[in-house]
Amino acid sequence: MSQTRFNSTENLVPFRPLSADDVIALVNRALSAGNSMHTTTYKFAFFKSLLDNVFNVNLDTMRLSYDSLAARFTEIYWNLVLKYHIRQQIPTSQHEMTSVEKELSDFCAKYGFPFADKESIFPFESLKSDLQLEIIKKIRIVMMRYVVAAFCGDTDDQFYHFDKKNDKDAITLNRAVYTALVKYKSIFEKQNYYEWIKYLEKANLEEDAYALAGKLDSSTERENLNTYREILEDFDRPRCFYCGHLLETENRNEPVDHFIPWSFVKDDKLWNFVLSCPHCNSRKSNILPDKQYFQTIKERNIKLVNVDHPIVQRDFKNYSYFRLEEMWQSAVFNGFECGWKR
Ligand SMILES: [Zn+2]
């Protein structure tokens with residue numbers, strides 16, 4: 001029986017030994033209707049934040065920072081609410097908006113951004129970084145107050161430990177849960193979208209389910225990878241990682257390729273990026289690279305980690321070569337085609 005309520009300040013209940021089936025049962029239970037958070041979409045956005053961040057969990061300590069979770073949680077809501085105008089709550093007599101929508105509305109009013117039904121706003125990635133940090137800080141408070149404990153309670157206190165008073169930095173995942181989240185990543189993601197859409201359809205009568213699914217899936221996809229391109233160009237003579245052709249870098253428009261496809265990882269990390277020629281990039285598309293490229297990217301990352309740049313330091317924090325292999329294996333299990341070579 002769950003001890004945790006949405007306003008609990010901690011969950012330090014010892015973890016039971018869980019099999020993969022046990023974790024699946026907990027996910028099924030947490031995502032099904034009729035529990036503590038059925039009036040908003042918070043649990044779905046939080047579970048997506050967990051899944052998108054699973055390769056940012058520290059492998060030794062199992063810690064995952066609130067900063068990473070809140071950044072993703074904010075980006076999801078910014079894009080869904082402001083870019084796609086998808087309501088996150090069925091309006092009731094007491095509440096017109098969720099606390100997250102209220103924060104976004106206040107933020108838009110402060111900076112003169114539109115917050116109207118039909119007016120689209122730029123994606124989160126285009127917001128200046130100091131403003132990104134400002135809104136993440138606000139949304140993080142909502143997430144800490146209403147979601148962290150409630151979601152944990154819905155998993156029978158087994159997903160993670162947290163202690164809001166004494167540890168303001170991170171949750172500590174149950175290692176059995178981590179293993180299952182990695183293994184079943186795309187499967188859980190689709191299940192989460194399905195339950196999320198069932199809710200969103202009630203609050204957004206004019207949207208059809210297929211359009212909603214596309215919007216949920218692209219809510220964290222970034223168009224602009226220039227920062228990564230610049231770091232990779234400066235690091236070495238710019239060549240296509242796959243075919244070795246020298247790249248024209250004057251126009252700065254050669255593709256930055258996710259080595260393990262974005263559609264699986266749902267995250268942007270420098271150690272998973274390579275420069276590519278347009279030809280190789282379009283042919284590889286969503287296919288997993290052949291194992292022959294692993295040695296090359298392993299050696300590249302051993303050197304790249306030494307580059308003195310804040311993004312390198314940030315992105316490599318929880319990197320290990322093992323992680324790339326783990327991602328590859330899991331993507332194969334989740335149905336991704338593998339073995340692409342030029
Ligand atoms: Zn190429």
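Between domain 1 and domain 2 there are 19 residue pairs in polar contact, both members being at pLDDT 80 or more; a polar contact here is a pair of N or O atoms within 3.5 Å, where within protein one must be able to donate a hydrogen and the other to accept it, and residues adjacent in sequence count only if both atoms are side-chain atoms. The side of domain 1 that touches domain 2 draws two or more residues from each of the elements α2 (42–52), α7 (175–183) and α8 (185–203), with helices (H or I, at least four residues) and strands (E, at least two) taken as DSSP runs and numbered from the N terminus. The largest share of that side, five residues, comes from α8.

This is a predicted model, in which local features need pLDDT of at least 70 and side-chain atom pairs count only at pLDDT 80 or more, while totals for chains, interfaces and linings use all residues. Residues are numbered from 1 along each chain as its sequence is written, and side-chain values use heavy atoms, with hydrogens and water left out.

- The chain is divided into domain 1 (10–220) and domain 2 (226–340), with bounds that come from an automatic or database domain assignment.
- The C-alpha centres of domain 1 and domain 2 lie 27 Å apart, and 20 residues of domain 1 are in contact with 17 residues of domain 2, contact meaning heavy atoms within 4.5 Å.
- Domain 1 and domain 2 bury about 1600 Å² between them, 45% of it on carbon and sulfur atoms, where buried area is the accessible area (1.4 Å probe) that two parts lose on being put together, summed over both.
- Of the area that domain 1 buries against domain 2, Phe55, Asn56 and Leu59 supply 36%, which is more than any other three residues.

**Salt bridges between and within the domains**

- A search of the whole structure finds 19 salt bridges, each defined as a side-chain nitrogen of Lys or Arg within 4 Å of a carboxyl oxygen of Asp or Glu, and the count between domain 1 and domain 2 is three.
- Glu189 and Lys266 are joined through their side chains in a salt bridge with an N to O distance of 2.8 Å.
- Lys266 also forms a salt bridge with Asp217, the closest N and O atoms being 2.7 Å apart; since Lys266 lies in the loop between α11 (262–265) and β6 (273–275) and Asp217 in helix α9 (residues 209–217), the pair ties together parts that are 49 residues apart in sequence.
- Lys266 is buried, with a relative accessible area of 1%, whereas Asp217 is partly exposed at 27%; buried means under 20% relative accessible area, exposed over 50%, and partly exposed in between (1.4 Å probe, protein chains only).
- Asp52 and Arg72 form a salt bridge in which the closest N and O atoms are 2.8 Å apart, and because Asp52 lies in helix α2 and Arg72 in helix α3 (residues 66–83), this pair ties together parts that are 20 residues apart in sequence.
- Both partners are buried, Asp52 at 1% relative accessibility and Arg72 at 5%.
- A network of salt bridges links Lys48, Asp52, Arg72, Glu75, Arg222, Asp267, Asp268 and Lys269.
- The side chains of Arg87 and Glu101 meet in a salt bridge of 3.1 Å, N to O, with Arg87 partly exposed at 23% relative accessible area and Glu101 buried at 2%.

**Surroundings of Asn56**

- Asn56 lies in the loop between α2 and β2 (63–65) and, at 8% relative accessibility, counts as buried.
- Leaving aside its neighbours within four places in sequence, Asn56 is in contact with Arg63, Leu64, Asp267, Lys269, Asn318 and Arg323.
- The C-alpha atoms of Asn56 and Arg323 are separated by 9.7 Å, although these residues are 267 residues apart along the chain.
- The side chain of Asn56 makes polar contacts with the side chain of Asn53, at 2.7 Å, and with the side chain of Asp267, at 3.2 Å.

**Surroundings of Glu207**

- Glu207 is placed in the loop between α8 and α9, and its relative accessibility of 14% counts as buried.
- Apart from its neighbours within four places in sequence, Glu207 is in contact with Tyr84, Ile86, Glu201, Leu212 and Lys215.
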